[in-house]
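Subject: A structure to look through

Dear colleague,

I am passing on a structure that I would like you to read through slowly, with the viewer open beside this message. My notes on it follow below.

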Amino acid sequence: MLTPSVLIVGAGPTGLIHALTLLRNGIPVRIIEKQDAFQLGTRGCGMQPRTIEMYKLLGLLPDLLEVKTDPFPVVKFSSPQGDNEEGNVLPMVERIANTPSRPINTGFMLMQERQEHLLRTRLEKDYGVTVELHTELRSFEEHDDHVVAHIVKRTPDTDENKEETLKIDFLVGADGGRSTVRKQLGLDFLGDDSPDLKEIGMVAGDIEALEGTLDQKVWRIWGDTTSNMLSLRPCSIPDKTHINFFIGGVDVDLEKVSSSREEVVKAINAITGRDDIKLGNVINMGIWRPNIRMVNSFGKGRVFIAGDAAHVHSPTGGQGMNSGAQDINLAWKLALVSKNLSPPSILTSYTAERIPVIATMLSKTTELFHKTFQPASPEKMVEGWRRGYELRMFGVNYRKSGITLDEKYTYAEDEIVDPYRSGDDGTVRAGDRAPDAPKLAPVGQTNATSHTTFFDIFSPAYHTLLVFADPSQHGEAIGGIVETARGLPSFKEVVKTVLVLPQTSSSTNDASTSSADMVLLDTEGYAYKHYDVVADSQQPTIFIVRPDGFIGGLVFGVEGIRKYFALIFKL
Ligand SMILES: Cc1cc2nc3c(=O)[nH]c(=O)nc-3n(C[C@H](O)[C@H](O)[C@H](O)COP(=O)(O)OP(=O)(O)OC[C@H]3O[C@@H](n4cnc5c(N)ncnc54)[C@H](O)[C@@H]3O)c2cc1C
């Protein structure tokens, strides 16, 4: 193994996704995990569409499609369930058809344990990198040009501890809500300290559902939190019959219920009023109490935090694991700095870009939390189960970021951009999610089987310059744009140029001689439509898509390209 440049602490979903993104960029990593075994449990089971797009970007979509399930209908019953009561279907997640620009418009379900397995498998298969279990970060020292990490490796058989001192370029603490890294950095972890939060909680865990007991394709809820409530959420995968449970409400003694399997089963029987639900062993369980907090900075110097280490909140809304996945906002920047292509100052944009998004996420999940756990009436609790479209995270954006450049749209200083929703306002701007477009034919091979999509071209390891132009109109300009891109440092490695011809283009022959890395004909017009580009505009329109799938630059010529990359590279 190469000497690691980055040490990742914690092998939850956040640490694993960071490790994979850095490795996809050619940056050697080590990933350590203090536990003796990998985490079990359903936990962050709801994968939002934007997280699935991240999986696609990382080349994990085929693995995911093999094991995921679609969201199940949520059916609510009284507590106890009445004779012959069929329950009400709750309008939780609306199934919305996929579109050309949003090829996955509704999320998937996959228990977190399985997501982590999938990520670990890819790390091992593609890079021979394995998570080092029994290995704990105890402390670190930060220096101007490196970090020294003090690690303790335990041998489980003998219980012996072996200390190691490791020198790395950067350290990423993906070490969960109680993060050692955050504490040692001395970052504020501010949040809601109201005493009534401590009164609320639920017993959460996974239990075996014995065969034939429950239809594994329905998520069932009984009662409500004004008295007692039970949720039984399947997260079925072919070889498992786990069912995830939450038991809570003002009448529930959480300590007692969580004391044994028998108490859990007793509570389930009492709340449902049913004795036909046959349950096996408890796989994991604990009391969850709300802890709603976030940091004021996502790192200092060469040490960063991500995921639950930086933000903890209520699971209502299913944003936690998903937000940790999107903290890969850091990874591509770390990769460019490690390659000495970007100045370390670019790393401050990680905090600047993520803080507004996470603050908004906290307020959204907290609002749902109050509706679910402190409803004005049992009827009102239903509102807490309704998931707004913005929770799919398509609108998450970095529009006012200091490292984006927009030559089409400008903002007044006091103009408010909604970090969760503005990216979904019908315009396409720098800082927004880069939309997909299908049916793009590589020029020279216009047969249907060779069609590609933008999402097949984007990569976590390079910027993609989408140049919307037609040689018959913009021949000279195209040459200048490609030339400028080629003049960027390490162009071949970290920038890809893609010339996108309008559907009506008659200059495919001229285009085939272009020196762009790729020339695509927009055979159905989806690319021009979803990027809001007029085919016969006076000048080329260039979207610079960042390695995290967001639009970094929306510019119209070589000056714009230079200006954008001056924000990113050491030029
Ligand atoms: C009941 C429940 C339901 C949830 N439902 C959802 C949902 O539907 N959707 C959603 O998006 N999210 C959900 N979440 C939240 C989601 O589980 C978390 O946000 C996610 O696990 C965070 O991932 P992470 O990698 O940042 O941290 P973690 O998963 O906590 O991983 C951190 C890892 O770091 C290790 N570690 C800690 N300190 C050290 C050290 N010093 N050295 C080495 N290793 C260390 C820990 O052992 C741990 O394995 C839910 C959470 C709970 C509890």
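Two residues are said to be in contact, or to touch, when they have heavy atoms within 4.5 Å of each other. With that in mind, Val 282 touches Asp 206, Ile 207 and Arg 261, when residues up to four places away in sequence are not counted. Val 282 lies in strand E16, which covers residues 279-288; here helices (H or I, at least four residues) and strands (E, at least two) are DSSP runs, numbered from the N terminus. The C-alpha atoms of Val 282 and Val 264 are separated by 8.6 Å, and these two residues are 18 apart along the chain. Because its relative accessibility is 24%, Val 282 counts as partly exposed, where buried means under 20% relative accessible area, exposed means over 50%, and partly exposed lies in between (1.4 Å probe, protein chains only).

Before going further, please keep in mind that this is a predicted model, in which local features need pLDDT of at least 70 and side-chain atom pairs count only at pLDDT 80 or more, while totals for chains, interfaces and linings use all residues. Residues are numbered from 1 along each chain as its sequence is written, and side-chain values use heavy atoms, with hydrogens and water left out.

Thr 497 counts as buried because its relative accessibility is 1%. Leaving aside neighbours within four places in sequence, Thr 497 is in contact with Leu 465, Val 482, Ala 485, Phe 491, Ala 516, Asp 517 and Met 518.

A nonpolar core is a set of buried Ala, Val, Leu, Ile, Met, Phe, Trp, Tyr and Cys residues joined through side-chain atoms within 4.5 Å. The largest one has 117 residues, of which Leu 7, Leu 171, Leu 465 and Phe 565 touch the most other members. Helix H11 (residues 348-373) gives the most to this core, with 7 residues. Apart from this core lies another, of 25 residues, among them Phe 454, Tyr 462, Tyr 531 and Leu 554. Leu 7 has contacts that include Arg 30, Ile 32, Leu 137, Phe 170 and Leu 171, again without residues up to four places away in sequence.

Next come the helix pairs. Two packed helices are described by the angle between their axes and the distance between the axes. The axes are lines fitted to C-alpha atoms, for helices over the stretch in contact, and the angles run from 0 to 180 degrees between N-to-C directions.

Helix H1 (residues 13-24) and helix H4 (residues 112-127) pack at an angle of about 25°, with their axes 10 Å apart. That angle makes H1 roughly parallel to H4, since angles under 35 degrees count as roughly parallel, over 145 as roughly antiparallel, 65 to 115 as roughly perpendicular and the rest as oblique. The residues of the contact of H1 with H4 divide into 9 nonpolar, 1 polar and 5 charged; in this scheme Ala, Val, Leu, Ile, Met, Phe, Trp, Tyr, Cys and Pro count as nonpolar, Asp, Glu, Lys and Arg as charged, and the others, Gly among them, as polar.

H1 also meets helix H10 (residues 331-338), and the axes of H1 and H10 come within 9 Å and cross at roughly 40°, which makes H1 oblique to H10. This contact is made by His 18, Thr 21 and Leu 22 of H1 and by Ala 331, Leu 334 and Ala 335 of H10. By class, the contact of H1 with H10 has 4 nonpolar, 2 polar and no charged residues.

Finally, there are some backbone details to check. Most residues other than glycine have a negative phi, and most peptide bonds are trans. The peptide bond from Ser 79 to Pro 80, however, is cis, with omega near -10°, and Pro 80 lies in the loop between strand E4 (74-77) and strand E5 (88-90). Asn 84 is found in the loop between E4 and E5 and has a positive phi of about 60° although it is not a glycine. With a relative accessibility of 76%, Asn 84 counts as exposed.

With best wishes
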